[in-house]
Structure formats: structure tokens, C-alpha cells
Amino acid sequence: MLDIKFIRDNKDIVIAGAKKKHIDVDIEKLITLDDKRRELLKVVEDMRAKQNTITKEISTEQNQEMRASKIAEMQKLKEQIQKENDKLKDVLKEWQQLMLLVPNVPDISVPEGESDEDNVEVKVWGDVPSFDFEIKDHITLMQNLDMVDLERGTKVAGFRGYFLKNDGAMLEWAIFHFAQEFFLQRNFTPMIVPSLLNKEPFIGTGYLPQEEENLYKTQDDKYLAGTAEVAVMSYFMDETLKESDLPFKAFAFSPCFRREAGSHGKDTKGLIRVHEFFKYEQVVLCEASHETSVRIHEELTKNSEEFLQALGIPYHIVVNCGGDIGLGQVKKYDIEAWMPSQNKYRETHSSSYFHDFQTRRLGIKYKDSNGNLRYAHSLNNTAIAGPRILAVLVENYQQPDGSIIVPEVLRKYVGKEKITKET
RNA sequence: GGAGGGUUGCCCGGAAUUGGUAACGGACCUGUCUUGAAAACAGGCGCGCUCUGCGCAUGCGAGUUCGAGUCUCGCACCCUCCGCCA
């Protein structure tokens, strides 16, 4: 959420930002509504002031006649206040709904564009492997090695259901083990966080109201989170932190649930797009400074890069264009790993910063060195997401006989150098 | 699921006659003093507005009332006990 004062003072910037993100929002309407809100607020407040004054007089009024007459007067005023206040409430409701739809302003360095096809490559790492044999996709590879069971996954869990088993399960655990070792050397607070959450954290992080169709909802009006970001960000909801608490950097594990409502035709088989998976996420709260946000954003991105490098997986980084950036994000990098069977890079990490967009919604402040209360800044980036990285990894490490070499750093966790049929 | 007790200011503690309009203390910030710090003293210390002023804010929402921390109803969370349970 943006500050209404900022919106009023920088109307053109906000409108241009929404346009760059290809988000349709009527800022003029919001400002007109805000005029009305301020006007009604003034009316109601003046009436309340009068009520407070006379009510105070009543409490000390000795003359019974005067007292009765003042009470009668206040009875009338009370009705008027209620009437005007109802009007104000209606306006306020509409105002709040509209405020939640106003997108954060994207950074100047964010390229113009409509969809992920317009994202701009900014870095390439590693050599795309050239295979001198006919390669298999991760589904074939993993099914042949009994690492995954998609048929029974579908039988039990429905569309996009899957079981990881044998070396499939071992490999995922190995990656998680290595991720812990790797990230906890970088001064993160380890956390295991809930995914079944109240509505407020989703509104606070910007997943509601817009993304409702992509969330699973329970009969108790709770929602299942698609990322640990939602819980970790909300951990400090409605709290005031000390400046010395910042930056707060979490390395957070959680199950992730995604309805994938808009992508029914895409990636219908395999482990690329599933409804349920486990993920480690990097989530950060820092001081309210653009420079710090940018510095930590680069740092979080670099962490994930180095992790992929340790695994020996080729990747590139794109800076997401305006149309491929979420409501609250100022700037976003996607890290995309090389997927041999598709002959292209596929997203494995998403790294963003938000300035105070999320913290304003969540009410997360800190007291700076001058004693002023400020909304903190927030950022997040994938550390490692379960099945998708498995798919990428097995494809890149496949051998002519269908076996899979285990990357060096994972061997002590998998317990072998190579995954073959014999095992 | 059942019974009882509880929730007060950015933070911590903690008062408020029969309902009369949120004391006070600590912490924290700024200033004075000091070589510096401590102490002391002064001010500040939730949000909003058209800001010498006014409004809002006692877990959340609704109600009664001229007036609600206080009374009524619903909800959330915490504590104690019972039941169930990996």
C-alpha cells in the first residue's frame, strides 16, 4: 500500500507506474473519493467535538432543567452524527478497497514490457550442456529410476499430484540439507513457518485481494500460503522493532500450496508445476532506505546464484519487465535454470524488493536513531524450491544410460555418486 | 468440544467512585549541564486532519447511553482445568 499523501502529491508518478505494470487502477477516482473522505471526516469530527464539549457540561450541570435540555439537544445531534458517520463509513470502505489496488511504483531500471517474454537477460552463468546422445526429460529419467510416481500421485492427490520415492526423495532431502548448510553460513535466522494462515497476512503481503483465485481457502476462512514469505513477513505484523533488530534475515522452510488457476494448460506433466511442494525462502526486513534495499536485493540474488553454482546448474538472470512484476514489487529478478529437455531456461528463483509497500499494510515499524517511527523495507528471494530444482538437476546431470550423476556437494547426503537402475 | 480467569497508550509495568471522557512509573528519543558518560532538569515519546486547535485510539466488531476501559451481545487470542489427540 502506498501513502495516500504520496499518491496525492505524486499522482503522475503513480499513474505512470501502474501503466508500466499494466495494472488498471483509477487514481483519479481514488483522489476524488479521498476528497470526499476528508470532507466527511471534517464534518463528523466537528460534530463530535461539539458532542464532547456539551457532554462534559452535562456531567457537571446542576440545574436540572438545563441538564434535560442539553441531553435533548445531544439526542438530536447523536442522530445526525450517526447519519453522517454512516456516509463516511461507506466512503471509507470504498476508499480502502481502492487503496489496496494501487500498485507500488516500479524502479526506473525496470524495463518496459507486457509479459515474461519481454524480460531482459542481465547475466548468464555456466555452459549450456551439449549432449552427444538423445536426452530424456526429467519425467522419463525419474520414472525409469523409480524416483517419482506420477500415476499414483494422480490417483491419490489428483491433477498435478506426485510421490517422490527412493533416490527421488533422497535427492530432495539432500538438496535441503545442503541448502541449510549453505545459507546458515550467511547469517540467516533459521525458521520453520506455518502455511495455514489468517487473511491479514495475505492482504499485508499483497496476495489478497488480487490473487484470491490462486489460493486455497479453508472452511474456517483461512488460506494456504504459496510461500513462506507470507508467514515470515507477518511474523512482526503490528509491531514496532528496534533499529538494532534490523536487518532481520530469515531462512524459512514451509510447505507451499498453489492452485495454479491461470495455468491449466501449462506444464501439465512432471514436477515443473505442482500444487504442493516444500521450499526454503530468504525473507528480509531492513531499514527504510532505498540504497539498503538495493544492496540486500543484490545480495539475496547472489546467494541463490552461488547456490546454483555449487550445484553446477547453468542459469541466467532476467530483470522482469513492468508487466511481469507483482503489485507490490519495486523490482524483480528471476533466476532461470537451464532445462535441457525444453531447450530453454525455466524459473527456479524469484528475487524482489518492495520498499515499504508490505510493511505499511502489515504495520511493521521501527524506531530510527532519531526516535522517529518508520515503516521497514522488505525483500524476499527463493533459496531453494523442491521439485522444480529436482527436474532441472536430473536433466542436466543425466548420462547416456539414463543414470544420473549426483553433484559433488550432494554426495555425502545422497550417499552415492551416481543414481542408477541397480540401486 | 466443556468450565473458569484474563487482554489498558510504539515497548514493559500499572491505576481509574453509582458509567462522567485514560493517572502514574520504567524504557526510549531530543535538549541543557558535562572532556565524555551517569545523575539531575526540561520537552518529546500511537494515528489522522484544513494542526495555537480538533478528532480517533483501552484485543476486534456491534449494541445500550447525552456520555462506555467500566454495562449487554458476538468473535479472536492468552492462562488454568476437563475431554480428545501425532
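This report describes a predicted model of a protein chain with an RNA strand, moving from confidence to the sheet, a helix, the backbone and the RNA surface.

Because the model is predicted, local features need a pLDDT of at least 70 and side-chain atom pairs count only at pLDDT 80 or more, while totals for chains, interfaces and linings use all residues. Residues are numbered from 1 along each chain as its sequence is written, and chains are lettered from A and ligands numbered from 1 in the order in which they are written.

**Confidence**

Chain A averages a pLDDT of 94, and 100% of the residues score at least 70; pLDDT is the predictor's confidence in each residue, from 0 to 100. For the complex, the predictor gives an ipTM of 0.87 and a pTM of 0.93.

**The sheet and the helix across it**

Helices (H or I, at least four residues) and strands (E, at least two) are DSSP runs, numbered from the N terminus. An open sheet with mixed pairing is formed by 8 strands, in the order β1-β11-β12-β13-β16-β10-β9-β4, where two strands pair if DSSP finds at least two bridges between them. At the edges stand β1 (120-125) and β4 (189-192), and since each has a single partner strand, one side of each is left without a neighbour in the sheet. On average, neighbouring strands of this sheet are turned by 25° against each other, direction ignored; here axes are lines fitted to C-alpha atoms, for helices over the stretch in contact, and angles run from 0 to 180 degrees between N-to-C directions.

Within this sheet, β11 (residues 315-319) pairs with β12 in the antiparallel sense over 5 bridges, and Tyr-315 stands opposite Ala-337 in β12. Helix α10 (residues 290-311) lies across β1, β10 (276-286), β11, β12, β13 and β16 (377-385), running at about 5° to β16. For such contacts, two residues must have their C-beta atoms, placed from the backbone, within 7 Å.

**An enclosed helix**

Helix α12 (residues 386-396) has 11 of its 11 residues buried, so it is largely enclosed by the rest of the structure. A residue is buried if 20 or more other C-beta atoms lie within 10 Å of its own, exposed if 12 or fewer, and partly exposed in between, with C-beta atoms placed from the backbone. Among the buried residues of α12 are Arg-388, Glu-395 and Asn-396.

| Site | Feature | Angle |
|---|---|---|
| Leu-208 and Pro-209 | cis peptide bond | omega about 5° |
| Leu-246 and Pro-247 | cis peptide bond | omega about -5° |
| Asn-343 | positive phi | near 55° |
| His-355 | positive phi | near 50° |

Pro-209 is found in the loop between α8 (199-205) and β6 (216-217), and Pro-247 in the loop between β8 (240-242) and β9 (248-257). Asn-343, in the loop between β12 (331-339) and β13 (344-353), counts as exposed because it has 9 C-beta neighbours inside 10 Å. His-355, in the loop between β13 and α11 (357-362), is buried, with 24 other C-beta atoms within 10 Å.

**The surface near the RNA**

RNA strand B is surrounded by 22 residues, the closest being Ala-49, Thr-55, Met-74, Thr-240 and Gly-371; a residue is near a molecule or strand if its C-beta atom, placed from the backbone, lies within 6 Å of it. Helices α3 (27-60) and α4 (64-99) each supply at least two residues of this surface, and α3 gives the most, with 12 residues. The surface divides into 5 nonpolar, 8 polar and 9 charged residues, where Ala, Val, Leu, Ile, Met, Phe, Trp, Tyr, Cys and Pro count as nonpolar, Asp, Glu, Lys and Arg as charged, and the others, Gly among them, as polar.
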